[in-house]
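I am starting a notebook on a structure that is new to me. I will look up one place at a time and write down what I find.

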Amino acid sequence: MEQITKITANAHTHTTWCDGKNTTEEMVLAAIDAGFSCLGFSGHSYTWFDESYAMSQEGTKIYRQEVMALREKYRDRIHIALGVEWDGAARDLDPADYDYTIGSCHYIYSPKRERYYTVDYTVEELEQCRDQVFGGDGLAMAKAYYDGVINMVWMRKPTIVGHLDLIRKLNAGNRFFDETSEPYLELARAAAKACVQAGCVIEINTGGVYKCYRNTPYPAEPILRYIGELGGKVTINSDAHDTKGIDFMFPQALELMKRCGFSTVWQLTEEGMKGFRIG
Ligand SMILES: [Zn+2]
Ligand SMILES: [Zn+2]
């Protein structure tokens with residue numbers, strides 16, 4: 001196995017085709033500047049009930065064409081991969097249309113209220129979800145989130161699982177549930193175990209830190225250690241929504257992996273996800 005000392009790929013990036021700030025080509029140029037060997041695009045999949053941040057159906061077609069065109073244009077300088085951030089609630093997506101998929105859950109669905117609640121948008125919306133659907137029980141809400149992740153992972157077996165514990169994003173100060181409590185950790189561990197058993201790569205996602213929501217990446221350190229104990233595969237992504245975030249915190253994330261006992265990091269390459277020794 002080849003050894004690396006620096007992460008030179010990012011599989012989780014967004015552009016102006018969804019809620020990103022920069023164009024596809026600007027992101028490619030930033031990746032070349034950062035010394036990347038590979039850059040993957042993962043536009044938010046079309047979600048029929050929420051068009052505020054995802055790609056439209058028409059936009060998805062153009063996004064795919066544009067990424068393929070840029071792959072040709074920059075073929076001598078960097079490998080460009082076509083991916084998608086496949087939301088758990090999205091329909092009508094064929095993974096065969098993409099080089100890889102990132103399976104992510106951004107919503108909790110209430111059949112009773114026939115409503116999707118966003119878990120990573122505002123504290124107010126998450127409070128509504130907790131109070132209207134779970135009678136004020138934040139832990140029960142966390143369970144519903146992780147049940148959704150487990151379901152998504154077994155139904156779809158995405159290449160990568162995105163921000164495994166996104167339900168923590170708005171939980172600073174343990175506002176909704178106690179992240180250190182055993183009942184909570186048990187829920188997060190069950191989801192992590194499903195990802196490992198389904199053969200998915202789990203990402204360390206530094207996006208929540210970049211946006212100043214949390215001090216540490218997803219997943220939280222105890223869960224990352226647990227993934228290591230299970231022999232799970234882990235990659236490092238920044239969920240970049242602009243050029244500046246293209247390699248945000250990558251050296252720190254690599255150190256975190258070593259500290260948590262990992263000796264291999266997975267990285268996107270021209271041949272798909274590949275393991276590299278990290279010494
Ligand atoms: Zn996401
Ligand atoms: Zn994302």
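Where does Ala54 lie? I found Ala54 in the loop between strand S2 (38-44) and helix H2 (57-73); helices (H or I, at least four residues) and strands (E, at least two) are DSSP runs, numbered from the N terminus.

Before going on, I note that this is a predicted model, in which local features need pLDDT of at least 70 and side-chain atom pairs count only at pLDDT 80 or more, while totals for chains, interfaces and linings use all residues. Residues are numbered from 1 along each chain as its sequence is written, and chains are lettered from A and ligands numbered from 1 in the order in which they are written.

**Entry on Ala54.** Leaving aside neighbours within four places in sequence, I listed Cys18, His44, Ser45, Tyr46 and Thr47 as the contacts of Ala54, a contact being two residues whose C-beta atoms, placed from the backbone, lie within 7 Å. I also looked up Leu256, which is 202 residues from Ala54 along the chain, and the two C-alpha atoms are separated by 31 Å.

**Entry on helix H4.** I next followed H4 (residues 138-156), whose 19 residues reach 27 Å from the first C-alpha to the last, close to the 27 Å expected, where the expected span is 1.5 Å times one less than the number of residues. Among the buried residues of H4 I noted Gly138, Met141, Tyr145, Tyr146 and Val153, and what covers the buried residues of this helix includes strand S4 (100-104), strand S5 (107-110), helix H3 (123-134), strand S7 (160-161) and helix H5 (182-197). After H4 comes Lys157, with a positive phi near 40°.

**Entry on the packing of H4.** How do two of these helices sit against H4? Two packed helices are described by the angle between their axes and the distance between the axes. Axes are lines fitted to C-alpha atoms, for helices over the stretch in contact, and angles run from 0 to 180 degrees between N-to-C directions.

H3 and H4 pack at an angle of about 95°, with their axes 9 Å apart, and they are therefore roughly perpendicular to each other; under 35 degrees counts as roughly parallel, over 145 as roughly antiparallel, 65 to 115 as roughly perpendicular and the rest as oblique. Cys129, Arg130 and Phe134 of H3 make this contact with Gly138, Ala140 and Met141 of H4.

For H4 and H5, the axes come within 9 Å and cross at roughly 5°, which means that H4 is roughly parallel to H5. The residues making the contact include Leu139, Ala142 and Tyr146 of H4 and Pro183, Leu187 and Cys195 of H5.

I then turned to the strands, which pair if DSSP finds at least two bridges between them. S5 and strand S6 (residues 115-118) run antiparallel and are joined by 4 bridges, with Ser110 partnered by Arg115 in S6. Their hairpin has 4 residues between the strands, and Glu114 there takes a positive phi near 50°. Strand S10 (residues 264-269) and strand S11 (residues 272-277) are paired in the antiparallel sense over 6 bridges; their hairpin has 2 residues between them, and the partner of Trp266 in S11 is Gly275.

**Entry on the core.** Which residues touch the most other members of the largest nonpolar core? Of its 77 residues, they are Tyr145, Leu164, Ala192, Cys195, Ile202 and Val234; a nonpolar core is a set of buried Ala, Val, Leu, Ile, Met, Phe, Trp, Tyr and Cys residues joined through C-beta atoms within 7 Å. For Val234, the contacts beyond four places in sequence include Val201, Ile227, Met257 and Trp266.

Cys212 has a positive phi of about 65° although it is not a glycine, and it lies in the loop between helix H6 (207-210) and helix H7 (221-229). Cys212 is exposed, because 7 C-beta neighbours lie inside 10 Å. Met249 also has a positive phi of about 65°, but Met249 counts as buried, with 21 C-beta neighbours inside 10 Å. Lastly, I noted a cis peptide bond between Tyr218 and Pro219, with omega about -10°.

Definitions and conventions:
Buried ≥ 20, exposed ≤ 12 C-beta atoms within 10 Å, placed from the backbone.
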